[in-house]
Structure formats: structure tokens, C-alpha cells
Amino acid sequence: MDDIAQDLGMSKKTLYKYYPGKLELLSASFEVLKTKMTAKVEAILDNRYISFPLKLKSMLSVIATHLAPINPELFEDLKDHAPEIWEELTTYINESAYLRFARLIEQGVAQGLVNPRLNTSLVVMLYAAAVQSLLDPEFSGQFPSAIQKGMKIPPSEIYDQAISIIYNGILTDEARNEFQNA
């Protein structure tokens, strides 16, 4: 709280006037984050003048931009020490972010830009599971150290590459054609 008050250029007493404790400040911070993300994602989803691929990239970019700077260990701390804030955040993600993402994928299916044979829920869950796992220290800790060292990249790069792998695959166009015809 000392550091926060100093960064804001106010006394700790003034800070406590608005936020009685660390948990209240943390909760308010996540409320601001959720409000910003919701407004930006809804604006992207509702914009009829943006193509589906641009909507997809923009939506995932908004999510990555807002979530990537958060230290993954903070999420572990929330689970352990602030379960009510953790519950609010996971409820938001489950009920809001995932449903909006599913809505976007369904728009892509309707426009003929997403394979209609794919299960929308599976697409949403696959992306979410990939990103959550990659940012989870317990998950990455089970891999050999050589693999862990190779993952010393910023969270924003993890989001970007996960998006690229999921939506573009790992194969070049030539290899993809050969794979499909094999």
C-alpha cells in the first residue's frame, strides 16, 4: 500500500479512505479491468463493418493486452488468499468472456469462415485451456528444464503464438496441403 500510495502521489491515509484494505483495492482493480475488457470486446463484436478475421484477431488482442501484464502467480495468490475475488474473476471469465468468444466463433460459422463441423464449445475450451495452462506455473513446472527455458517469453507473446498455432496451425501451406491429401 505504501508503494501504491507513493505512485499515486497521495498519502496512505488518503488511499485507505477509498480502499480500506488490499483486497478492496485488488477487487476494484479487477472491476476496472473487467469493465474495460467488456466494453472493448462488445464494441468489436457489434461492429458490422469489421470482417470476421479482423474481429477475431482484435478480440483476442484485447484479451491478451489486458491479461498478459498480470503476473500468473497473482492468480495463484488470489486462489489461495482471496478466494472471493478469484471466484468473481472466474465467474466473469466463464460467463462473459467465453460466451462472447463463442458468439464470435458462431458469427464466423454463419459467414462461412469457420468450419461448421467444429464444435464451438470445443474451440472456446481449447483456446482457453491452452492459454491458462501455458500461464500456469504448476503446469509448466512439470516439463523438463530445457522446455521450461524455451518458454521464457513474455505472456503477451504466449497469447500471440497460442492464437497463431490454434488458428493457423503449425504447418506451412505446402505441408498443410500434403497433410490433407495424405
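The model is predicted, so local features need pLDDT of at least 70 and side-chain atom pairs count only at pLDDT 80 or more, while totals for chains, interfaces and linings use all residues. Residues are numbered from 1 along each chain as its sequence is written, and side-chain values use heavy atoms, leaving out hydrogens and water.

Let us start with the whole chain. The protein chain has eleven helices and zero strands; helices (H or I, at least four residues) and strands (E, at least two) are DSSP runs numbered from the N terminus. Its C-alpha trace spans about 70 × 45 × 25 Å along the principal axes. Of the 182 residues, 29% count as buried (under 20% relative accessible area, 1.4 Å probe, protein chains only).

Now to α6 (residues 83-110) and its partners α3 (residues 22-46) and α4 (residues 52-67). Axes are lines fitted to C-alpha atoms over the stretch in contact, with angles from 0 to 180 degrees between N-to-C directions.

| Pair | Axes come within | Crossing angle |
|---|---|---|
| α3 and α6 | 11 Å | roughly 5° |
| α4 and α6 | 10 Å | roughly 165° |

Therefore α3 and α6 are roughly parallel (angles under 35 degrees), whereas α4 and α6 are roughly antiparallel (over 145 degrees).

Contact means heavy atoms within 4.5 Å. Residues of α3 that meet α6 include Leu 23, Phe 30 and Val 41, and among those of α6 are Ile 85, Tyr 92 and Arg 103. In the α4 contact, Phe 52, Lys 55, Leu 56, Met 59 and Leu 60 of α4 face α6 residues including Ala 97, Phe 101 and Ile 105.

How values were computed
Angles under 35 degrees count as roughly parallel, over 145 as roughly antiparallel, 65 to 115 as roughly perpendicular and the rest as oblique. Buried means under 20% relative accessible area, exposed over 50%, partly exposed in between (1.4 Å probe, protein chains only).
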